[in-house]
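Colleague: I am new to this structure. Could you take one chain and look closely at how it packs?

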Amino acid sequence: MQLDMITIIGLGAVLIMLINLFQVLRLKSQISGGVVGKSWNVMILLVVLFAAGYMILPFLATMPVETLRIIVSLILFFGAIYVLVTIRLIYGIIRELSA
Amino acid sequence: MADLQEVYARTEAGVGEIKARALDLTRGQRNLLIVIDGKNTLGSFVKMVGCAPEQMGDVFVPLIEYGLIASVAGAANPALAPAIPASGVASPPGSSPAQSLIALAERVFEKHAGPVVLKLEKAAAAGTDLLSAAEGAAKLAKLTIDESKAQDFLVEARRLISA
C-alpha cells in the first residue's frame, strides 16, 4: 500500500469514524427511548455503514472506476440521510426544550 | 396488615441502606424507605409507592423487620434518623417533597431512572424550585427515556408538589 497524502487522509477518516462509532454505541446506554432514542438506532446504523464504507478508502487506487463510482454514490447517499436525521433530531430537541 | 394511620421514620440503618443499597429490597420497599419522613401517615404513601392499600403490609413489614424504619409513636426512639435526601446531602428546605419526586421518578422510569434521579438530586441540593426541577427532569425523560412516561411523571409531580 502506497502511503501518499490520499491514503493518510483516508486512514484519518477511518480513525475518526471508528471514534464516532464508539461514541454512538457508548451513548446508547444513556438513551433508552424518547425523542432522541427514536433517531439513535438509525444514527448507529448509519455510522456502522460509514465505518464499513470508509474502510475501503485505503484501497481506492486499486479499485475499478465503476466500483468506485458506486461506492462513492452510496457514501454520498447515506451521508445525505445522516444529515437529514441529524437535522430532524436537532429540530425535535429544540421543539421539546422550547415547549 | 399494616396500620396505615401510623407514622414511621427511617432509622440510622434505613438512612445507611438508602446510600448503600446493600439489601435486596423491592422497588416499592425502596420507594417507601425514601419517602417515609416521620411526619405523614403510612397511608399517605400508598400511591407514591405504587401499590394497593391492602398490599402495603408486604412492602412495609420487611422494612420494619430489617430495622430500617420504626414507629415514631410513643417515646422518642434514639435509633431514628432525621430525614435526609437520598443523595445524602444536607437537607434543604422542602427536602421531603424532593425525596417524593425522586421516588416518583424511580417508580415511573424504573431501570432508566438514573439520569432523571441525578438531575432531581442536583436540583434538590442546589435548592432549585421543585416545579422547575420536575419540569426539567420531565424534559430530559421525554428526550431520552419515554415521551408518555415523561408526561405521566410531570402530571404526577405537579400533583405531588401542589399537595
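Modeller: Start with contacts in chain B between residues at least 6 apart in sequence: 66% of them join residues at least 24 apart. Two residues are in contact if their C-beta atoms, placed from the backbone, lie within 7 Å.

This is a predicted model, in which local features need pLDDT of at least 70 and side-chain atom pairs count only at pLDDT 80 or more, while totals for chains, interfaces and linings use all residues. Residues are numbered from 1 along each chain as its sequence is written, chains are lettered from A and ligands numbered from 1, both in the order in which they are written.

First, confidence. Each residue has a pLDDT, the predictor's confidence from 0 to 100. Chain B has a mean pLDDT of 77. In chain B, 82% of the residues reach 70 or more. Residues 82-95 of chain B are below 50. That stretch still has 27 contacts in the model, beyond near neighbours in sequence. Where pLDDT is low, the predicted coordinates should not be read in detail. Among the elements of chain B, helix α3 (residues 46-49) has the lowest mean pLDDT, 71. Helix α7 (residues 130-144) of chain B has the highest, 89. For the model, ipTM is 0.74 and pTM is 0.57.

Next, the layout. Chain B has eight helices and two strands. From the N terminus on, the order is β-α-α-α-α-β-α-α-α-α. Helices (H or I, at least four residues) and strands (E, at least two) are DSSP runs, numbered from the N terminus. Of the 163 residues of chain B, 38% count as buried. Buried means 20 or more other C-beta atoms within 10 Å of a residue's own; exposed means 12 or fewer; partly exposed is in between, and the C-beta atoms are placed from the backbone.

Now the core itself. The largest nonpolar core has 39 residues. Such a core is a set of buried Ala, Val, Leu, Ile, Met, Phe, Trp, Tyr and Cys residues joined through C-beta atoms within 7 Å. L32(B), L101(B), A105(B) and L120(B) have the most contacts inside this core. The elements of chain B that give two or more residues to it are α2 (27-35), α4 (56-65), α5 (95-109), α6 (114-126), α7 and α8 (147-162). α5(B) gives the most, eight residues. Domain 1 (8-80) and domain 2 (97-162) of chain B both contribute, so the core lies between them. These domain bounds come from an automatic or database domain assignment. In soluble globular proteins, nonpolar side chains tend to be buried together.

A105(B) is then in contact with A113(B), V116(B), V117(B), L120(B), A137(B) and F153(B).

E110(B) is not a glycine, yet its phi is positive, about 50 degrees. Most residues other than glycine have a negative phi. E110(B) counts as exposed because it has 11 C-beta neighbours inside 10 Å.

Then α6(B). This helix has 13 residues and reaches 18 Å from first C-alpha to last, close to the 18 Å expected at 1.5 Å a residue. The expected span is 1.5 Å times one less than the number of residues. Its buried residues are V116(B), K119(B), L120(B), E121(B), A123(B) and A124(B). G127(B) follows α6(B), with a positive phi near 75 degrees.

α7(B) is next. It has 15 residues and reaches 21 Å, close to the 21 Å expected. Its buried residues include L130(B), A133(B), A134(B), A137(B), A138(B) and A141(B). K142(B), L143(B) and T144(B) are also buried.

α7(B) also meets chain A. The contact between the chains takes ten residues from chain B and eleven residues from chain A. On the side of chain B, α7(B) supplies the largest share, five residues. That side has four nonpolar, two polar and four charged residues. Here Ala, Val, Leu, Ile, Met, Phe, Trp, Tyr, Cys and Pro count as nonpolar, Asp, Glu, Lys and Arg as charged, and the others, Gly among them, as polar.

Technical notes: Lists of a residue's contacts leave out its neighbours within four places in sequence.
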